[in-house]
Amino acid sequence: MPIALKRAYDDPAPSDGTRILVDRIWPRGLTKEAAQIDLWLKEVAPSTALRKWYGHDPEKWPDFQQKYRAELEGNPAVDELRAMAKKEKVTLVFAAKDEKHANSVVLREVLQNKQG
């Protein structure tokens with residue numbers, strides 16, 4: 001089943017299926033009611049050290065992807081998320097403004113590459 005990506009600040013929709021927040025920090029200024037998050041999986045977010053190093057700098061994107069993939073290897077929360085995505089529609093929710101260079105992009109690739 002395809003895994004969708006959506007910014008936390010975009011309106012939730014029934015078509016999102018299970019909405020999973022994949023950031024370590026709650027999105028600034030967003031209430032839990034407005035976010036309609038079904039599961040907050042902090043365990044699959046980049047480590048605090050990696051997040052701070054990256055700082056959403058597109059120049060660091062290639063290195064960030066490599067380092068984040070290494071952090072995800074052997075992470076049991078990845079297996080949990082992969083199992084959920086096989087059974088139901090899943091939307092990975094994130095707060096980053098840059099939708100092309102967000103950790104959710106890498107996470108979805110990791111999940112889809114090992115699915116099936």
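This is a predicted model: local features need pLDDT of at least 70, side-chain atom pairs count only at pLDDT 80 or more; totals for chains, interfaces and linings use all residues.
In α3, the residues Trp61, Phe64, Gln65, Tyr68, Arg69 and Leu72 touch α5. On the α5 side, their partners are Asn103, Val105, Val106, Leu107, Glu109, Val110 and Asn113. Sorted by class, this contact between α3 and α5 holds eight nonpolar, three polar and two charged residues.

How do the two helices lie? Helix α3 covers residues 61-72, and helix α5 covers residues 103-113. Their axes are 10 Å apart and meet at an angle of about 50°. The crossing of α3 past α5 is right-handed.

Now turn to the next helix that packs on α5. Helix α4 spans residues 76-87. Its axis also runs 10 Å from that of α5, but here the packing angle is about 70°. Angles of 65 to 115 degrees count as roughly perpendicular. So α4 and α5 are roughly perpendicular to each other. The crossing of α4 past α5 is right-handed.

Which residues join α4 to α5? From α4 come Val78, Leu81 and Arg82. From α5 come Leu107, Val110 and Leu111. By class, the contact has five nonpolar residues, one charged residue and no polar ones. Look back at Leu107 and Val110 in α5: they meet α3, and they meet α4.

Finally, look for open space. The largest pocket holds about 510 Å³. It is lined by 20 residues. Closest to the centre of this pocket are Asp23, Arg51, His56, Ala95 and Ala96. What is the lining made of, by class? Eleven of the lining residues are nonpolar, three are polar and six are charged.

Terms used:
Residues are numbered from 1 along each chain as its sequence is written. Side-chain values use heavy atoms; hydrogens and water are left out. Axes are lines fitted to C-alpha atoms, for helices over the stretch in contact, and angles run from 0 to 180 degrees between N-to-C directions. Helices (H or I, at least four residues) and strands (E, at least two) are DSSP runs, numbered from the N terminus. A crossing is left-handed if the near helix is turned anticlockwise from the far one by less than a right angle, and right-handed if clockwise. Contact means heavy atoms within 4.5 Å. Ala, Val, Leu, Ile, Met, Phe, Trp, Tyr, Cys and Pro count as nonpolar, Asp, Glu, Lys and Arg as charged, and the others, Gly among them, as polar. On a 1 Å grid over the protein atoms alone, a cavity is a set of points where a 1.4 Å probe fits but cannot get out, and a pocket is an open set with protein on both sides within 12 Å along at least five of seven lines; lining residues have an atom within 4 Å of a point. Grid points are joined across faces, edges and corners, and a volume is the space filled by probe spheres set on the points. Angles under 35 degrees count as roughly parallel, over 145 as roughly antiparallel, 65 to 115 as roughly perpendicular and the rest as oblique.
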